[in-house]
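Visitor: I would like to learn how to read a ligand site and a sheet in a model of this kind. Please take me through it step by step.

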Amino acid sequence: MSDIPNSQTPVLKVAVNVPLSREFDYLPPADGPLPAPGCRVEIQFGPRRQVGLVLGHAGGSDLAPGKIRRCTAVLDSSPLLSDEALRLIRFTSDYYHHPIGEVVAAALPALLRQGKPLHPSVEMLAISDTGEAVDIETLAKRAPRQAELLETLLDAGGDGLEADELTEQLPHWRRVAKALFEKGLITRFDARPADFDETLAPAATPGPTLNKDQVAALKTLRGDKDVGAFLLEGVTGSGKTEVYLRRMQDVIDLGQQVLVLVPEIGLTPQLVSRLRKRLGIEPALLHSGLSDIERLTAWRAARSGAARLVVGTRSAIFTPLKNPGLIIVDEEHDHSFKQQEGLRYSARDLAIVRAKHLDISVVLGTATPTLEMLHHCRSGAYELVRLPTRAGGARPPTLHLVDTVRSPLTDGISEPLAAAIKRHLNADGQVLIFLNRRGFAPTLICSSCGHIAGCERCDSRLTVHARSRQLRCHHCGFTRPLTPNCSECGETVKPLGEGTERLEEALCERFPGRTVMRIDSDTTQRKGAMIDALDQARAGEAEILIGTQMLSKGHHFPDLSLVGIVNADQGLFGTDFRSGERMAQSIVQVAGRAGREKRAGEVLIQTAFPEHVFWSTLINGGYEQVADEALAEREATRWPPFTRLALIRSAAHQREDAIRFLEVAQRSAQEFCGDNLRVLGPVDAPMARKAGRHRAQLLLQSSDRRGLHALLRELRQLLEQAPAARKVRWSIDVDPIELF
Ligand code: ADP
Ligand code: ZN
């Protein structure tokens with residue numbers, strides 16, 4: 001690409017962050033070196049200045065010579081993104097049929113996307129000598145907010161504090177800062193933020209001696225078998241992490257980098273601290289809880305190779321790596337690896353693709369593998385590595401059903417569950433009560449006219465939040481005050497069903513003197529709240545834990561001996577073809593929190609349908625049996641992984657607009673159609689109205705992946721141009737995991 005003839009000015013192929021599936025042609029600036037692929041340029045795009053990324057060079061353009069613009073500036077003297085990183089971006093754009101400029105935007109940290117330099121400086125504030133001499137107590141009487149700011153900067157010392165950090169501590173500091181500047185009590189300056197420092201970690205500590213299964217698993221992972229991925233399937237607590245750790249050490253010893261993808265960092269602080277301690281290496285962390293500058297610092301460390309260990313959530317898959325040697329995807333089954341809006345990609349699937357591009361190994365770990373991954377193992381494309389028993393001698397928990405028809409519920413808790421809670425508490429065990437529904441109650445009903453409080457903008461019920469005295473829609477965020485009377489007839493209303501808030505109240509009443517702690521997204525909004533709550537829970541400070549799926553993932557509570565699953569029936573009759581798989585995953589994961597050390601674990605599952613075949617399969621055959629049967633069923637009914645899906649969604653203010661748009665897609669799909677293609681729809685989405693828009697969908701199903709993608713390519717071009725598109729928001733979801 002670099003040997004372009006001098007006689008001709010090369011044209012830059014530029015990715016611009018707009019929803020169009022094209023690259024845009026620009027000329028390089030009149031003088032200066034030609035920006036290489038992977039460099040950012042500033043361009044005039046319509047009326048606006050935009051940041052674009054050079055994807056490549058071309059000898060000419062389809063645009064008339066007078067029409068093609070010059071870029072206004074080159075922002076990078078050397079490429080930000082390597083050829084390998086660009087290749088992944090291209091793949092993502094092609095496979096998910098998503099505009100490449102938006103893929104680039106998703107792959108870059110916010111500051112780079114905005115055109116900031118790779119090493120930006122940050123605004124700093126510090127107290128001055130005069131400021132240090134001020135008597136803060138006196139100032140506090142007159143101007144308490146000024147005193148607060150001064151004190152914060154005094155605590156920060158001579159190096160000062162980043163403005164962003166200050167904003168986190170004192171959101172409105174700028175309002176009072178002016179007076180302090182004028183009096184010369186504080187100063188402002190620019191500084192380079194501290195670079196990533198790998199030596200912050202403590203010295204490495206050795207792990208346990210591996211057991212026989214772990215040794216065998218490690219041997220397979222170390223072998224040179226040429227497979228697309230290793231699927232490390234091990235029951236919860238089987239020592240998967242110990243096996244990853246040894247593989248990571250191998251790769252790090254060779255001077256290469258390891259990329260670890262985790263579902264949500266906020267939920268897995270334990271894993272991060274374990275990696276740090278065991279390897280003696282500070283990981284570069286990439287997740288949504290970082291400030292822009294922190295994220296850029298970590299990204300840069302991965303790119304330069306300064307970080308040998310990079311741990312991140314979904315979008316970290318796009319992080320450039322100087323010298324990658326291994327990718328690990330922990331909890332492969334977790335849904336958070338799939339982005340459900342905008343660029344709808346699966347970070348797990350991209351990890352497999354990227355490892356292939358790089359010719360390195362990828363290890364996917366889980367206790368509950370997805371059927372997709374199991375299918376690939378059976379076909380021989382991937383290698384299954386199993387750890388069948390718990391490490392360190394802990395036994396698997398026992399599962400029992402509680403029939404809620406025969407043992408009625410009081411505030412969601414049956415007598416057998418209440419008795420078990422009591423028993424475990426008396427034996428000094430910790431108890432986890434799981435309910436995947438936050439708030440006080442999912443429904444508010446009028447006891448006279450039967451009116452149910454619904455969302456004004458969605459086809460959904462409003463959830464009662466008693467503590468904050470609000471009704472909230474969990475789909476669009478709509479809230480209104482909770483009033484004691486029906487909005488229709490004025491009679492008294494009552495909350496129906498249970499959420500975690502109600503369980504908390506009920507359990508506090510039933511077990512006075514015991515500490516009850518609720519962990520869900522309502523109780524953990526403050527930054528760091530989740531980590532604090534988990535620390536307390538681990539230290540045994542809470543005897544009864546109540547939680548949503550947040551609490552089911554990866555945590556290790558040493559004394560936890562009983563898990564109660566309050567409402568297990570949500571998935572039994574689900575309409576989605578994945579309901580059974582999902583439900584088994586969720587139950588096995590939460591059950592896996594019990595009995596991880598010396599105590600035996602017990603799991604009680606409340607269900608109104610104890611005779612349902614799902615239960616006997618799960619209890620007698622475990623997840624493996626559920627997966628086997630589900631795979632056979634999928635094969636018979638031709639659902640994934642035996643066929644491929646793509647879902648086209650549309651949303652509009654008017655139903656007809658949403659449907660009409662999809663009819664355009666449907667017609668061309670049918671014209672295009674090979675024998676393998678099934679076109680289902682357009683139909684209303686299962687929740688037809690959300691946030692004031694009507695939603696519809698068209699499902700494309702095929703056993704021929706290439707054919708399906710060829711069709712999607714055509715459709716994307718067509719739909720971008722279609723007049724019917726002007727009235728709708730639409731998207732293509734390849735390999736969707738939710739069909740609504
Ligand atoms: P997983 O990742 O499969 O949930 P972990 O690696 O976290 O499992 O291991 C679960 C527990 O067992 C941890 O406390 C870990 O330290 C311990 N453990 C793992 N492997 C061994 C072993 N070979 N000997 C003793 N304890 C082990
Ligand atoms: Zn709503």
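**Ligand site and sheets**

Guide: Helix H10 (residues 240–253) contributes the most to the shell around ligand 1, namely three residues. Helices (H or I, at least four residues) and strands (E, at least two) are DSSP runs, numbered from the N terminus. This is a predicted model, in which local features need pLDDT of at least 70 and side-chain atom pairs count only at pLDDT 80 or more, while totals for chains, interfaces and linings use all residues. Residues are numbered from 1 along each chain as its sequence is written, chains are lettered from A and ligands numbered from 1 in the order in which they are written, and side-chain values use heavy atoms, with hydrogens and water left out.

Visitor: Which residues come nearest to ligand 1?

Guide: A residue is near a molecule if one of its heavy atoms lies within 4 Å of it. Of 16 residues around ligand 1, the nearest are Thr209, Gln214, Lys240, Thr241 and Arg274. By class, this shell holds four nonpolar, eight polar and four charged residues. Here Ala, Val, Leu, Ile, Met, Phe, Trp, Tyr, Cys and Pro count as nonpolar, Asp, Glu, Lys and Arg as charged, and the others, Gly among them, as polar.

Visitor: What lies 2.8 Å from an oxygen atom of ligand 1?

Guide: A polar contact is a pair of N or O atoms within 3.5 Å. An N or O atom in the Arg274 side chain is 2.8 Å from a ligand 1 oxygen. Backbone N or O atoms also lie by ligand oxygens, at 3.0 Å for Gly237 and at 3.2 Å for Ser238. Ligand 1 taken alone exposes 550 Å², of which the protein buries 77%; accessible areas come from the Shrake-Rupley method with a 1.4 Å probe.

Visitor: What is the order of the open sheet of four strands?

Guide: Strands of a sheet pair through backbone hydrogen bonds, either parallel or antiparallel. Two strands pair if DSSP finds at least two bridges between them. In this sheet the order is S30-S31-S29-S32, with antiparallel pairing. Strand S30 (677–690) and strand S32 (729–734) are the edges, each pairing on one side only. S29 (residues 644–652) and S31 (residues 693–702) are joined by nine bridges in the antiparallel sense, and Ala652 stands opposite His694 in S31.

Visitor: Which helix lies across S29, S30, S31 and S32?

Guide: Helix H20 (residues 655–672) does, running at about 165 degrees to S30. Axes are lines fitted to C-alpha atoms, for helices over the stretch in contact (heavy atoms within 4.5 Å), and angles run from 0 to 180 degrees between N-to-C directions.

Key:
A polar contact is a pair of N or O atoms within 3.5 Å; within protein, one must be able to donate a hydrogen and the other to accept it, and residues adjacent in sequence count only if both atoms are side-chain atoms.
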